[in-house]
Amino acid sequence: MRAMVLDKPKQHLQLRDVPKAKPGRGQLLVRVSTCAVCRTDLHVVDGELPNPKLPLILGHQIVGRAEEIGEEHSTFEIRNSKFAVGDRVGIPWLGWTDGDCAYCRSGRENLCDNARFTGYTIDGGYAEFTVVDARFCFHLPDRYDDIEVAPLLCAGLIGYRSYRKTGKARRLGMYGFGNAAHLIAQIALYEARELFVFTRPGDKATQQAAKELGAVWAGGSDEMPPEKLDAAIIFASVGPLVPAALRALTKGGVVVCGGIHMTDIPSFPYADLWEERVITSVANLTRRDGEEFFEIAPRVPVRIQTETFSLEQANTALDLFRAGKLSATAVLTIAE
Ligand SMILES: [Zn+2]
Ligand SMILES: [Zn+2]
């Protein structure tokens, strides 16, 4: 099968013909249709995340069709499998957990000590086929086609987990207004939150786009909002935004760091944290986050702008992403 392979961080991916993996017990062989490109892919390529599997096939927002069910399945398991051959399958970042550690046993499989991650510690979807553990895959809402649903599998799911951590916040800030923020803003507005969007100082175009979507206020990250916020989600991987967001909060407010990687956070006076303000982060997702998100997304309905690339153009998509030159979420279209 054709695959774009990362041999070492800080290098371009290489187009290679590699053997198709065989699905084992509980696994599916999936023919990949589309795979969206995530900022995390860039962090892996750029060497900002430790210990990726190498060589590695990136990609963890994968949509495909079940081609084969692991042949070690018993007849009983095949009959009761979540997926049949030919079914559409959505494959997210969380690829496997042990089901047995203290985190898994307390409903926090996103923190599993032994978790494996698609396109990071196991091979992902920048390829014609991928092998996955069926238990961690999702059925996807029919209203979305393979291209538009792909970005929901990470930007949507992990963004949704960040959003849920803001509780019942009425005034919600978002620092950074990229793909994940844009998706989650639609859910926040659907749930009648007041949205305050912070962009790079001077980025009037993005501020305008946020207002058009329904934000009550949009401005630079160096500005204070007109009212104190109940919560803020930081989508940009910029550490100095954490104390900035903290200063914009009301008492008891929460700052949620939504990314997997962030530059260092500068020190700040304790007074900015006092009065029960909270800083927290979000790591990975649980299957429950996915099920809730795919239930609400088509009701909103969450809409997604995409820009498509072929598998062979994966490096171009990554380079444009790094340079901030994508106008929408990049999606690799692999099979017709
Ligand atoms: Zn575990
Ligand atoms: Zn991602």
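Tutor: A polar contact is a pair of N or O atoms within 3.5 Å, and we shall apply that cut-off to this predicted model.

Student: Which backbone atom does the side chain of asparagine 315 reach?

Tutor: Asparagine 315 is found in helix α9, which covers residues 314–322. Leaving aside residues up to four places away in sequence, asparagine 315 touches Met4, His12 and Leu13. At 2.8 Å, the atom reached by its side chain is the backbone nitrogen of leucine 13.

Student: Is asparagine 315 buried or exposed?

Tutor: Buried means under 20% relative accessible area. Because the relative accessible area of asparagine 315 is 14%, this residue counts as buried.

Student: Is aspartate 98 buried, exposed or partly exposed?

Tutor: Cysteine 101, with a relative accessible area of 10%, is buried. For aspartate 98 the relative accessible area is 23%, and this residue is therefore partly exposed.

Student: How many disulfides does the count come to?

Tutor: A disulfide requires a pair of cysteine sulfur atoms within 2.5 Å. Cysteine 38 is buried at 11% relative accessibility, and cysteine 154 is buried at 6%. By the distance rule, the number of disulfides comes to 0.

Key
Residues are numbered from 1 along each chain as its sequence is written. Chains are lettered from A and ligands numbered from 1 in the order in which they are written. This is a predicted model: local features need pLDDT of at least 70, side-chain atom pairs count only at pLDDT 80 or more; totals for chains, interfaces and linings use all residues. Side-chain values use heavy atoms; hydrogens and water are left out. Helices (H or I, at least four residues) and strands (E, at least two) are DSSP runs, numbered from the N terminus. Buried means under 20% relative accessible area, exposed over 50%, partly exposed in between (1.4 Å probe, protein chains only). A polar contact is a pair of N or O atoms within 3.5 Å; within protein, one must be able to donate a hydrogen and the other to accept it, and residues adjacent in sequence count only if both atoms are side-chain atoms. Contact means heavy atoms within 4.5 Å.
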